[in-house]
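Here is a friendly tour for anyone meeting this structure for the first time. Have a look at the model below, and then we can walk through some of its details together.

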Amino acid sequence: MKKSVLAILVLSSLGLTACGGSSDKKNTPSSDSSSSVSTSGIVNKGIVKSGAVSICEATIANTSQEACSSPLLTTTTNEKGQFSLNNLPSGKALMVVVTKHSGTQMKCDYAGCLDANGNPIEFGQWMTVPDDFKLLAIISTTGEIKTANINSLTNLAAKKAIELTGSRALTPEIVNNSNAMIGKALGLTKPITEMGSVDITNTQAITDADKQDLQATILSASLEQTRKNGAVNIDDLIEYNAEGKLVVSKTVINQLQAETKNVINQAKEHSKNNGNTGTKLDNVEQDVSALNPDNIDIDIDIEKPAESPVVQAKNFIKQIRTVYTAASDGGDLNTGLTGFSEDINLVATLAQEDTQILLENVNDAIIAIGEAMNPDANNQDNPFLAKNGYTVMKDGDRYTIDQNDVKLVATGSYEHSTVIDEEASQDCHDQDVCKTTKETFNTNITLHELSANHHLASLSASESLAVLNASITKKESQNTHQVDEITHEIDYQNSEVSQINTLKIALSNAKLIYQNHIEGVPSQNAFHGNITFIANGISSTDFIDFQYNGHWNGQYTDWSEENKNHSAITANSLTFRADGKITSDSQEISALMDIRLNNPDGYVYLKDMTKNVIGRNCYQKLEWDNSCDSRTQQEVTEESAETENSFIRANIKMALGANILNTNDTLVASRVSLDISRNDYNFVEIDTGVTYNGKDTYLSTSFKPYSHNNQPYVTLSDGNGLEATLTENRETGIEGKIYVNGKITGRIETVNNDFPLIRYSDNSFESL
C-alpha cells in the first residue's frame, strides 16, 4: 500500500496488524509496585526562593482551605526555586502548597510587577512576596512522578479540580484529568507538572530550555500578568457551556495571547536577543498565537475512573494504528484533506490570472496614494492625478481611490526622495559615466477600506497597514582608456545597495474570493483571515565589475574580458503569517502558516561569480585561420555556507483543521499540525500533531543535518500521560518503551525477522 508522508512520519516502518496472546514470564517488564514515591520540582512564578513547601493528602479538609492542616512533609525552596520530597505514599492524590516563609522572594518575570508594598519591580529583579502568597499543585502517586513543578498552570489546575468536584476529596484520576485539561486547553503535550521550570529572566536558561518547558513557563507568567491585568478572570479558562460540556473560553485565550506577547517582548529586551533566545521565544509566540478554542476539544471527564495501565497502553497503540490508517492513502484523513486540496487548487488555477491582475491593481492604487501623500504633491490640484493614471481624491488627511474596480480609503504619510550626484575628475571624462543615485522611502499608510474586483477574483480587508522605511543606492562608473594607437581598455563598474530597515504589511480581516462556474454550476472558494509580513534589517548588495582589453595588430584584435558579479544578502528577521479559514462551497478548513526566520549572528549569504573570456577577431586575412573569431570562456562561482557561529534560526508552524467525512459518512473533527524548529546549527526538531476521532496523537523527533550518525527515534504521546518511545538500531531493529503516567507498562522489541512485538507488564503481548 502506498503511504503518505504523514503516515511514513508517524510510523515509518511499522504497519503490521495487531495480534494478541500471552507468553511466559521471560523478558517481562517488572511492575515495580513500591510503597513510597520520591520526587522533586521547581517553584516558578518566577523563580521562588526560600518558599515554604507543604504536601498533604487531597482530602476535603485540606482542599477546602487550600492549605495543609496536617502536612506529610515540609521543606523550603533553594536559590533556584528547587525542592525535593521523599517517601511519599503511593497510590494517593496529594496537594502541594507553597506559601511565604522567612525571606521568601520571587523573581519578576512579567511586565508591571509590584512587591508586597506596592512598589514597581523591574523584570528579572527579586521582590518580597505578599503575606497571602500561595501556589498550589496536585499530583498523583499512582505512577512514577518525574517532576512536580509548581507554577501558575498547576495552581489553575488545582483550583479547577477543587471547583469541579465540589465538597469531595480528590482522587488520582481527578488529579490526572484536571492537570491534563489545563495542558490541553493551552496546547501543551506534556504533563504540566513536568514543565514550567525555566527562569525566563536568564538568557542561558532560555537558550538551554526544552521547547515545551519554555512554552509552559511563558504561559505561566502570562497567566499571572492576565490575572494582574484584571480584564478577564483566568479561572474561567475552562467552563461548562449550555450543553454541559467543558469548553475553552475564547475571551480568556485572546487575552492570554495578548499578554504572552508582552511577556515575550520583556524577555527579549532583557536578554537582548542574545544567542538563541529570540528565535526560541518566537517559537513560543507561534504556538500560543495558534491556539484556537474552536479546535480544542477537552473531551475529558474529570471523574472518570482510570482503566488499568495495560488497558490504557493497548488503547493508545490502537489509537496510533487508527491515525496511521487514516493518514495513509485511501484513509479518511488523507482522502478528505487531499480531496479538499484538489478542489481549491482547481479553482485557484482557473483564477490565477485574475488574482494576479487584481493584486497588481491594488498595488498600483497604493503607489498612487503614496504619491499623493508626498509633501511635494500637496500643493497640486485636487483630485490628484498620479503618474500611473489613478485619480486620488484628498479630503483633509484622507485619501480615496475608486477606479478600475479598486476602492481604497487611506490615511498616513509617504516620503520619497531621489538625489543624483554626478562627478567629474581626471579619471572620469565627459564621455564617461560617473554617477551616484540614492532613493529613500518612508511610508506609513493605514488602509481603512480596501475592496477590489477583477473578473473571477475579489479582495477586501479592513484596517490594514503598510509600513516601509528603505533606501536604494546605485553607483555607476565607466572609464574608457586608449593606452596607445593599438590598445584599448574599458573598465565599467556598477553597484546597487538596497537597505530595508522596516517593512510591514498587515491585512486584517482579509477576504479573497474566487467565483467560478464549472459546467454551468456556480462555485465559490475563499480565504478569510489575517495576513502579515514583517521584515527587519534586509540588506542586499550587487556589484558588477567589467573589464575589457583589446590589442589590434593591423590584421586582428586579441581581446579579453573579465566579468565579476558579487552579491550579498542578509536580514535580521523575517516573519510571514496567514491565519484563517479556507472554504470551498459547503466545505470549510481552518488553515495556519507561520514562518519566522531570525539571524542574530548576522549571517550573510555571499555569491561571487567570475567569468573570463579571451578571443580573437580577424578583419583582414588572406586565408582562413583557425584562431580567428575564436573565444574561450572560463566561469567560477563561489557561495558562502553557514557555520556553527553564523547560521539562520528558523521556526515553521503549519496546521489544517476540518470536519472530514469518514467511511461511515459521518463528519469527524480532524486537525493536522507540523512544527519545525532550528535553534542550533546542527539540530532540527520536528513535532507533528493529529486530532482524529476525538483523540490527540503527537509525534516528536529530531535530527542533525550535518551529521552522518543520526539514530532514528520517535516519541508518540496523547498529551495525557500516555507515551511511546521508538528507536531503530541497525543490529537489534526497532526498540522502545510504553509509559503510562511515567511508569513503564510495555516494552517494544524486534523478534523473528524484523517483527516488532510489544510485551506488556501483565505478560500479554501483541504486534506493533
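H455 counts as exposed, because its relative accessibility is 68% and the cut-off for exposed is over 50%. You will find H455 in the loop between β20 (433-454) and β21 (457-482). Keep in mind that this is a predicted model. The backbone of H455 deserves a look too: its phi is positive, about 55 degrees, although H455 is not a glycine.

E463 also has a positive phi, of about 45 degrees, and is not a glycine either. This residue sits in strand β21. With a relative accessible area of 47%, E463 is partly exposed. For background, most residues other than glycine have a negative phi, and most peptide bonds are trans.

## A cis peptide bond

Now move to the peptide bond that runs from K45 to G46. This bond is cis, and its omega is near -10 degrees. G46 belongs to the loop between β2 (36-44) and β3 (48-49).

## Helix α3

How far apart are the end C-alpha atoms of helix α3? Helix α3 covers residues 152-165, and its 14 residues should span 20 Å at 1.5 Å a residue.

Is α3 largely enclosed or largely open to the outside? Of its 14 residues, 12 are buried, so α3 is largely enclosed by the rest of the structure. To trace them in the model, look for S152, L153, T154, N155, L156, A157, A158, K160, A161, I162, L164 and T165.

## Where α6 meets α7

Helix α6 (residues 211-229) packs with helix α7 (residues 250-271) at an angle of about 110 degrees, and their axes are 8 Å apart. That angle makes α6 roughly perpendicular to α7, because angles of 65 to 115 degrees count as roughly perpendicular. The crossing of α6 past α7 is right-handed.

Which residues make this contact? From α6 come I218, L219, A221, S222, L223, Q225, T226 and N229. On the α7 side, the contact is made by Q255, L256, E259, T260, N262, V263 and I264. Sorted by class, the contact of α6 with α7 has seven nonpolar residues, seven polar ones and one charged residue. As you look at the helices, remember that an α-helix has 3.6 residues a turn, so residues three or four places apart point the same way.

Methods: Residues are numbered from 1 along each chain as its sequence is written. This is a predicted model: local features need pLDDT of at least 70, side-chain atom pairs count only at pLDDT 80 or more; totals for chains, interfaces and linings use all residues. Side-chain values use heavy atoms; hydrogens and water are left out. Axes are lines fitted to C-alpha atoms, for helices over the stretch in contact, and angles run from 0 to 180 degrees between N-to-C directions. Helices (H or I, at least four residues) and strands (E, at least two) are DSSP runs, numbered from the N terminus. Angles under 35 degrees count as roughly parallel, over 145 as roughly antiparallel, 65 to 115 as roughly perpendicular and the rest as oblique. A crossing is left-handed if the near helix is turned anticlockwise from the far one by less than a right angle, and right-handed if clockwise. Contact means heavy atoms within 4.5 Å. Ala, Val, Leu, Ile, Met, Phe, Trp, Tyr, Cys and Pro count as nonpolar, Asp, Glu, Lys and Arg as charged, and the others, Gly among them, as polar. The expected span of a helix is 1.5 Å times one less than its number of residues. Buried means under 20% relative accessible area, exposed over 50%, partly exposed in between (1.4 Å probe, protein chains only).
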